[in-house]
Amino acid sequence: MTGKKHITAGAMAVLLLLVFLIWRYDGVWKPHRKSASPYPAQTVVMAGSTSMEKFANMLAECYREAHPGVTVTAEFTGSSAGVQAVLSGRADVGLSSRPLTTAEEASGAAAYVIAMDGIAVITDRDNLVTALTTKQLADIYTGQIKDWQELGGRKQPIVVAGREAGSGTRSAFEELLGIEDRCYYANELDSEGAMLARIASTPGAVGYVSFDVLDDTVCALALDGVEATAERVKAGSYPLCRSFLLVTKGALEEQSRQVQEIFAYLQTEEGRKLMRDAGLIVSDCHKCNNKP
């Protein structure tokens, strides 16, 4: 009886070995594969500015290909919401197209400049006005100029469009023009895409978007005699330019290894090319001095 038990146990061991070999063999021997990443799989969550959507989506895709063990996800709810997501621990990195507020800094937020961007002022393509001064633009948005005829165009009411409250693009636009809390908006749009679509389809409308989303459905106006181009932003001659920021809770050196490596990746030639391909004007990563 004992011998039979030993034989049964031995047969079972042989059977299990055969099952294992069959599982590992499929015509050719397949050695055990090691993870392509030296670190455990991890997700880095980014959240914030819709102006940085193109860049963030490209970063998520390219970084995942180069670092299979790390997944980068991004959600776009506006600069203010992104900073709050970082401070509350719901996101690892915030995307902001405006400087931090004093309250955000006091709560532990730290911002790092990665690129520059211009804010283009746009109209529908049938508008006869192709250039404004920043004074005229401020007067349009504060309700002092209400018809394109006052600016040399055809007689047509100006339909003033802007971004929603909390948008980094709106904050930067109003601050650069010195018209904070004095604007009159006929339409408030919650994304760059919605702004483009509204201006393109609304005769007499004026709005603003980040340079990197400009397309030929709208007309970008010159400001103070300076064309709306990336070269002019880089030269510092275009009036409406701003910084794009990555935000962390606490200093960069306090972040996880994966977050620090994403920052380092953006300073490589591959990362800088990614930002250029996203339409950004690349800057060396540095701590933001909280100026627009």
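This is a predicted model: local features need pLDDT of at least 70, side-chain atom pairs count only at pLDDT 80 or more; totals for chains, interfaces and linings use all residues.
**Helix α10 and its partner**

Stepping back into α10 itself, the buried residues are Gly 271, Arg 272, Leu 274 and Met 275. Viewed along the helix axis, these buried positions of α10 sit within an arc of 155°, so they line one face of the helix.

What does α10 meet in α2? On the α10 side the residues are Leu 274, Met 275 and Asp 277, and on the α2 side they are Lys 54, Phe 55, Met 58, Leu 59 and Cys 62. As for the geometry, α2 covers residues 53-66 and α10 covers residues 269-277, and their axes come within 9 Å while crossing at roughly 145°. The crossing of α2 past α10 is right-handed.

Skipping residues up to four places away in sequence, Leu 274 touches Phe 55, Met 58, Leu 59, Cys 62 and Tyr 265. For a sense of how the chain folds back, take Leu 274 and Ala 56: they are 218 residues apart in sequence, yet their C-alpha atoms are 10.0 Å apart in space.

Is Thr 123 buried or exposed? Thr 123 is buried, at 0% relative accessible area. It is found in strand β4, which runs over residues 109-124. Once its neighbours within four places in sequence are set aside, Thr 123 is in contact with Val 129, Trp 148, Ile 199, Ala 205, Val 206, Val 218, Cys 219 and Leu 221.

Strand β4 also turns up in the cover over helix α5. In α5 (residues 134-141), the buried residues are Leu 137, Ala 138, Asp 139, Ile 140 and Tyr 141. The elements covering them include, besides β4, the strands β5 (131-132), β6 (159-163), β8 (205-210) and β10 (222-223), plus helix α6 (168-177). Just past the end of α5, Gly 143 has a positive phi of about 85°.

Moving on from α5 towards β6, the loop between them holds Arg 154. Arg 154 is partly exposed, at 37% relative accessibility. Leaving out neighbours within four places in sequence, the contacts of Arg 154 are Asp 126, Asn 127, Leu 128, Asp 147, Trp 148 and Gln 149. One of those residues, Leu 128, is 26 residues away from Arg 154 in sequence and 7.0 Å away in space, C-alpha to C-alpha. Trp 148 is a contact of Arg 154 and also a contact of Thr 123.

**Positive phi in loops**

Which residues other than glycine have a positive phi? Asp 181 is one, at about 65°, and Asp 224 is another, near 50°. Asp 181 sits in the loop between α6 and β7 (187-189), while Asp 224 is in the loop between β10 and α8 (230-235). With 77% relative accessibility, Asp 181 is exposed, whereas Asp 224, at 42% relative accessible area, is partly exposed.

Here are the accessibility values of the residues picked out above:

| Residue | Relative accessible area | Class |
|---|---|---|
| Thr 123 | 0% | buried |
| Arg 154 | 37% | partly exposed |
| Asp 224 | 42% | partly exposed |
| Asp 181 | 77% | exposed |

**The chain overall, and where to be careful**

The chain's secondary structure amounts to 10 helices and 12 strands. Of its 292 residues, 46% are buried. Among contacts with a separation of 6 or more, 72% join residues 24 or more positions apart.

On confidence, the chain's average pLDDT is 86, and 83% of the residues reach at least 70. Residues 1-5 have a pLDDT below 50, and beyond near neighbours in sequence this stretch makes zero contacts in the model. The pLDDT is also below 50 over residues 21-40, though that stretch has 12 contacts in the model beyond near neighbours in sequence.

Note on methods: Residues are numbered from 1 along each chain as its sequence is written. Side-chain values use heavy atoms; hydrogens and water are left out. pLDDT is the predictor's confidence in each residue, from 0 to 100. Contact means heavy atoms within 4.5 Å. Axes are lines fitted to C-alpha atoms, for helices over the stretch in contact, and angles run from 0 to 180 degrees between N-to-C directions. Helices (H or I, at least four residues) and strands (E, at least two) are DSSP runs, numbered from the N terminus. A crossing is left-handed if the near helix is turned anticlockwise from the far one by less than a right angle, and right-handed if clockwise. Buried means under 20% relative accessible area, exposed over 50%, partly exposed in between (1.4 Å probe, protein chains only). The arc is that of the directions from the helix axis to the C-beta atoms.
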